[in-house]
Amino acid sequence: MNLAAAAGHPGFLSPTGVEIAFLLVGVATLGAAVVTVTTKQLVHAALWLVVALGGLAVEYLLLTAEFIAWVQVLIYVGSIVVLLLFGLMLTRAPIGRSPDADSGNRWVALGVAAASAAALVWVVVDAFRATWIDLDGPAQGSTDVTGAFLFRHWVLPFEALSVLLLAALVGAIVLSRKNTESTQGTQGTQGTKDAAARRTATGDDPATGDDDATREDKS
Amino acid sequence: MNDVLDVALRLLIVFVVFLVAPLVVGQTEHKVMAHMQGRLGPMYAGGFHGWAQLVADGVKFAQKEDIVPAAADRRVFQLAPAVALLPYLLVLVVIPVGPGDGAVGQVVDAGIFFVLAVMGIGVLGSLMAGWASANKYSLLGGLRSAAQLLAYELPMLLAAASVAMAAGTVSLTGILDAFEWWWLPWQIIGALVFFVAGLAELQRPPFDMPVADSEIIFGAYTEYTGLRFALFLLSEYAGIVVLCGLTTVLFLGGWHGPFGADGLGWVWTLLKAAVLAFVVIWLRVTYPRLREDQLQKLAWTTLIPLALAQIALTGIVKVAIN
């Protein structure tokens with residue numbers, strides 16, 4: 001523990017080992033994030049995203065927020081990136097460069113990204129200017145603390161968010177079912193024949209569940 | 001200095017277990033499968049019942065030429081086996097084998113989350129392999145892996161959440177400390193869901209659609225040879241060890257046993273894990289491969305509702321006890 005932290009007035013110019021590590025990991029994360037959006041290879045972008053998200057998890061760990069760190073890995077690296085890769089492989093994932101991966105909006109996108117980054121940094125710095133985390137003491141982001149905080153002080157926003165997610169879930173189901181109903185409605189008698197054809201088709205060719213959807217679209 | 005030595009020793013032990021246990025499971029699989037199918041299995045290598053067969057296999061793999069297909073994405077192709085294997089090593093560090101802090105590599109406060117999060121990374125390895133091989137069969141295998149992972153991650157998480165609710169903690173050692181024998185019938189549905197979903201996540205038969213050799217050669221691993229292929233095989237067996245260890249710790253009480261829990265707790269853990277590993281092998285020999293639609297159906301219409309029912313049951317009993 002350094003002198004500044006011991007005196008209760010931590011300063012910017014007396015970095016401890018953890019703070020240096022935090023900065024270095026931050027630079028690496030930022031680098032990975034930049035590569036994610038600049039690389040010409042689609043799947044490489046997804047894999048660099050894994051590095052960036054993993055770097056974020058390490059940052060959480062260094063700030064003693066263990067629970068958030070593991071949830072970050074579980075949700076983002078374990079599920080969202082897998083979903084991304086699944087989508088890429090299902091549609092278009094060439095080895096090598098994708099010349100059409102560039103967007104004409106790149107400068108506008110850069111402007112928006114810079115503006116939102118500036119806004120976020122400003123808000124966070126302004127809100128937590130006087131807050132210090134004691135990195136050497138007991139973990140302040142343990143599961144226990146996070147759980148108590150979430151379900152004692154922030155229960156209402158938490159529940160509101162779950163209702164929002166539920167709405168998104170229901171919306172997704174409605175959107176994906178809409179096609180089926182309209183085809184059945186317009187075709188009427190042909191529906192059963194189609195269903196029978198689909199059954200035999202899936203029986204012969206059990207490749208993917210998505211075959212159903214594509215056949216439905218064609219019919 | 002003593003602390004450093006202590007940590008180093010623990011990590012060394014975990015590493016040795018990581019190298020040995022998968023081989024033991026692999027050799028057991030050879031023999032168990034052979035006997036269930038009325039044949040002998042490997043008998044010559046090493047003398048006694050072919051115990052050195054896997055060592056011989058390892059030597060064979062090491063001698064093979066390491067080939068990277070010309071059209072493949074070299075770096076991702078070469079990185080994939082490591083991404084598939086290393087997460088299981090990390091998971092093994094936090095699984096407690098006995099009572100107290102002395103019998104676990106490293107106590108992690110959010111143990112369940114750590115374990116499930118890191119296991120999820122392992123599947124990225126087969127996705128990377130499937131894509132980077134520049135082979136249509138590999139890509140299909142990768143796609144199937146991803147679809148399977150997306151479907152089975154949820155029931156696994158829900159089942160684990162049920163135990164965490166019952167114990168009131170997400171730490172693996174904490175769960176074992178809180179364990180009572182009647183949790184066994186109480187959490188049995190969750191245990192089954194967890195085990196089945198774990199099998200699916202490991203892509204073991206009957207959930208081996210992603211590597212179905214009669215359809216897509218060997219899925220994501222088609223283009224791999226030599227040591228890199230061996231690493232993928234090793235990660236599968238390490239996955240079995242980890243899954244059995246986790247199921248033991250979460251649902252079967254780990255080091256708790258009818259007697260001798262103080263001194264011989266680790267024997268109970270190993271025994272339970274070994275029985276589960278036997279079941280994994282048994283399932284491979286017994287059940288035919290599930291079709292993709294059956295796979296998805298099992299996850300979404302059977303396992304998830306069962307896991308949710310288990311959570312509801314856990315909640316009701318927990319409230320009733322309190």
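**Ground rules**

I number residues from 1 along each chain as its sequence is written, and chains are lettered from A and ligands numbered from 1 in the order in which they are written. Since the model is predicted, local features need pLDDT of at least 70 and side-chain atom pairs count only at pLDDT 80 or more, while totals for chains, interfaces and linings use all residues.

**Entry 1: chain A**

I looked up the elements of chain A and found nine helices and zero strands, where helices (H or I, at least four residues) and strands (E, at least two) are DSSP runs numbered from the N terminus. I then looked up burial, for which a residue is buried if 20 or more other C-beta atoms lie within 10 Å of its own, exposed if 12 or fewer, and partly exposed in between, with C-beta atoms placed from the backbone. Of the 219 residues of chain A, 14% count as buried.

For contacts I used the rule that two residues touch if their C-beta atoms, placed from the backbone, lie within 7 Å. Among the contacts in chain A between residues at least 6 apart in sequence, 59% join residues at least 24 apart.

**Entry 2: where the chains meet**

I looked up the contact between the chains, which takes 28 residues from chain A and 31 residues from chain B. On the side of chain A that touches chain B, the elements that give two or more residues are helix H3 (42-62) and helix H4 (66-91) of chain A, and the largest share, 15 residues, comes from H4(A). The residues of that side divide into 20 nonpolar, seven polar and one charged; here Ala, Val, Leu, Ile, Met, Phe, Trp, Tyr, Cys and Pro count as nonpolar, Asp, Glu, Lys and Arg as charged, and the others, Gly among them, as polar.

**Entry 3: helix H8 of chain B**

I followed H8(B), which has 15 residues and reaches 21 Å from its first C-alpha to its last, close to the 21 Å expected at 1.5 Å a residue (the expected span is 1.5 Å times one less than the number of residues). Is this helix largely enclosed, or is it open? I noted that 12 of the 15 residues of H8(B) are buried, so the helix is largely enclosed by the rest of the structure. The buried residues of H8(B) pack against helix H4 (111-132), helix H5 (136-167), helix H10 (226-251), helix H11 (265-286) and H12 of chain B.

I then took one of these pairs: H8 (residues 188-202) and H12 (residues 292-321) of chain B pack at an angle of about 145°, with their axes 9 Å apart. The axes are lines fitted to C-alpha atoms, for helices over the stretch in contact, and angles run from 0 to 180 degrees between N-to-C directions. The residues that make this contact include B:Val193 and B:Val196 of H8(B) and B:Leu303 and B:Leu306 of H12(B). The residues of the contact divide into eight nonpolar, two polar and no charged.

**Entry 4: the largest nonpolar core**

I looked up the largest nonpolar core, which has 127 residues, and those with the most contacts inside it are B:Phe113, B:Leu116, B:Met128, B:Ala160 and B:Phe194. Such a core is a set of buried Ala, Val, Leu, Ile, Met, Phe, Trp, Tyr and Cys residues joined through C-beta atoms within 7 Å. H5(B) gives the most to this core, with 17 residues. I checked B:Met128 and found that, not counting residues up to four places away in sequence, it touches A:Leu47, B:Val76, B:Leu79, B:Ala80 and B:Val83.

Most residues other than glycine have a negative phi, and most peptide bonds are trans. I therefore listed the exceptions.

- A:Thr64, in the loop between H3 and H4 of chain A, has a positive phi of about 65° although it is not a glycine, and with 20 C-beta neighbours inside 10 Å it counts as buried.
- B:Ala134, in the loop between H4 and H5 of chain B, has a positive phi near 55° and is partly exposed, with 17 other C-beta atoms within 10 Å.
- B:Pro206 lies in the loop between H8 and helix H9 (213-216) of chain B, and the peptide bond to B:Pro206 from B:Pro205 is cis, with omega near 5°.
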